[in-house]
Amino acid sequence: MLIVKGYGMSITQKAVQNRKIRRISLVFPPYVSPSCVPIGIASLKSYIEEKTLDVQVKNIDLNIEFINRLVDGKTDKICDICSMNEHLGQKPFKQQMSKQYSELLKAARNLTKDKIEFYDKDLFVRHLQPLQLFLLKYFSCFSNILRQYLEGRILNEASISDLFRDEQRRITEEHPDIIGFSALTYTQIGSSIALAKIVKERTGITVVLGGPAFFNLDLKELMEAFDFLDFIVIKEGEEALLELIKALDGKIDFEQVPNLVWRKNGEIIFNSEKVIESLDELPTPDFSDLRLNSYYSPELILPISSARGCPWNLCKFCQLNIQYGGKHRQRSIEKVVNDIKILKQKHKASHFFFTDSEISAARLREIGQSLSKENMQIYFGCYARPTKDLNWEVLNAAYQGGCRFLQLGIESLSDEYLRLVQKGTTRESILDVLRNADKLGIRLLCYMLGGIPSQTSQELLSDAKEITALQKQYNIFSVMYCLYSLATFQQFYLERERYGIEIAGRRIAFSTKDLEIVHMNDTLQYNYKDRTAYGLMKDCDCIEVDSPLMAVMQMAKMNQLLGINGDNISFISIINDLLFETQLLYCIKD
Ligand code: B12
Ligand code: SF4
């Protein structure tokens, strides 16, 4: 076995250069919800295989495989992780080892497959609690181990490789020339980097990171701190990966690979950025490598993408469009309908979830009309903004085409804050959408934003009380209070003086052996009217709450813990994770 350690990156690049790239494994690492089927790697697979004749791409969803191994009672792994965590000075966490507990977990998983019980909210909440608790606690152990490993604080590195031996075997079993790690959210960053390190040190295979989770990080510092990383691809990956293969084959220079972060003679280079102009050039995503019956939802729900970027792109707390070079592009409706036809036939899927950042009212009407005209007989869900033009007629057209679920960016019920964040909605338009969706039988998930600059705790509480009341009145399956955190590409940041925001420092999440600092998240510490706030709270990415109101109470409690008192809520660290938010996200019911 080839052991590569402490090398300069340009050496690895030379080693793989001029070698024909034949096999790529794309890995979706833990941890995200077990109902999430990864579309990013499925899109890359179909694109690369279509554009090359001799490259095979293998997709591996390590997240679902990992979770299933735990739930299936692979207790040796659980024990290993628990004891290593204790060894690292963390609290003991042993309850999962009992047989009885393991039965509870399996029962919970079975319930997620039950077409009737899954939709019974009381049953769902009651039975899924053990699984939810298990995964939350277990993954907090898991992150602690990974963090200490990456910080160089675990001296016996062989023990880590042993711990992840199954994963390492799985990732390398196809003998790939390149391994790509795809992180959708920040909960996958640590495991992507740690697995890259293990694989690199054991096998020397070229490792590449990609996915939206890396977008916000300081990638120069990341590359400097973790010298085993060969490449990072930012933003869209299709052309970048294709050109990277050519560069590794020695056909083009690395400078020519768009969206690539790489090393040249020890220097970190950021290549120019590019997005695909016409999304119609992309083939239908290929999910065929994934074990599609192993996801936690009663029906297979396939993700589908009809656009990249956001058609609105004005919300002051958001920076999504930067990720796509500020360009909103749409795939033609004919292509989208064709994708659905192909996937429906290939995987016998009748439920879909659009991953577009937002589908405008006009586009939603068009999608609904096309799907009903084609008599597709499918059900779908998507993200939408509760604007005035998302009216009865549009919602009805969407419903006729199969829309049964909307995730609404509500943020606040106050016109003052809706104006401040530039949402393009009003309290009245929101209430109209809730009422109309309820009448039609479209289930809703409402995203609320807490801790908007200048918002007081009283205002936040009144929003939370009202959405709690509306949740009872209408077809609102779940409400998620999201943390507002300041980040460098937001309008709130760019116009910070206007909003009274003063930067106080940056949160430090990782440090390396020689104490180099890596900012794992460009979330900033800031002062708002004499109070210090943080975008993320240390060791607490989500806490359990059972209503939006509770969420707000918890926030207030946390503010107190942090010594932040008074009227202005300046810190929020809540994901109203009402038992697998994503499972609830996927409540697309006939
Ligand atoms: C759809 C979506 C979801 C869906 C995912 C559906 C699915 N089956 O995949 C669901 C609803 C499950 C979801 C959930 C969450 N999400 Co989300 N989600 C998105 C969204 C809107 C689109 C992602 C997407 O599917 N894009 C389409 C595919 C084709 O693109 P892609 O995955 O980005 O992949 C491309 C590139 O990134 C790249 N690439 C990807 N991987 C790799 C790997 C390699 C090696 C290479 C070379 C390239 C590469 O190439 C691909 C093709 O171009 C993004 C925002 C955005 N526009 O990116 C947020 C986003 C990813 N989500 C986010 C968050 C925070 C969450 C949640 C934590 C929210 C919450 N509070 O619960 C949860 C996490 C889930 C959980 N708890 O387990 C954040 C992540 C921010 C961060 N830095 O971590 C984002 C960026 C939104 C935001 N607020 O900024 N999400
Ligand atoms: S919050 Fe949603 S609607 Fe607003 S700009 Fe971001 S993606 Fe678009």
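Two strands pair if DSSP finds at least two bridges between them, where strands (E, at least two residues) and helices (H or I, at least four) are DSSP runs numbered from the N terminus. The model is predicted, so local features need pLDDT of at least 70 and side-chain atom pairs 80 or more, while totals for chains, interfaces and linings use all residues. Residues are numbered from 1 along each chain as its sequence is written, and chains are lettered from A and ligands numbered from 1 in the order in which they are written.

**Exercise 1.** Describe the order of the seven-stranded sheet and the pairing of strand 1.

Step 1: the sheet is open and mixed, with the order 2-1-3-4-5-6-7. Step 2: strand 2 (56-61) and strand 7 (267-270) are the edges, each pairing on one side only. Step 3: strand 1 (residues 23-28) pairs with strand 2 in the parallel sense over six bridges, and Phe 28 stands opposite Asp 61 in strand 2.

**Exercise 2.** State the average confidence of the protein chain.

The pLDDT, the predictor's confidence in each residue from 0 to 100, averages 79 over the protein chain, and 73% of the residues score at least 70.
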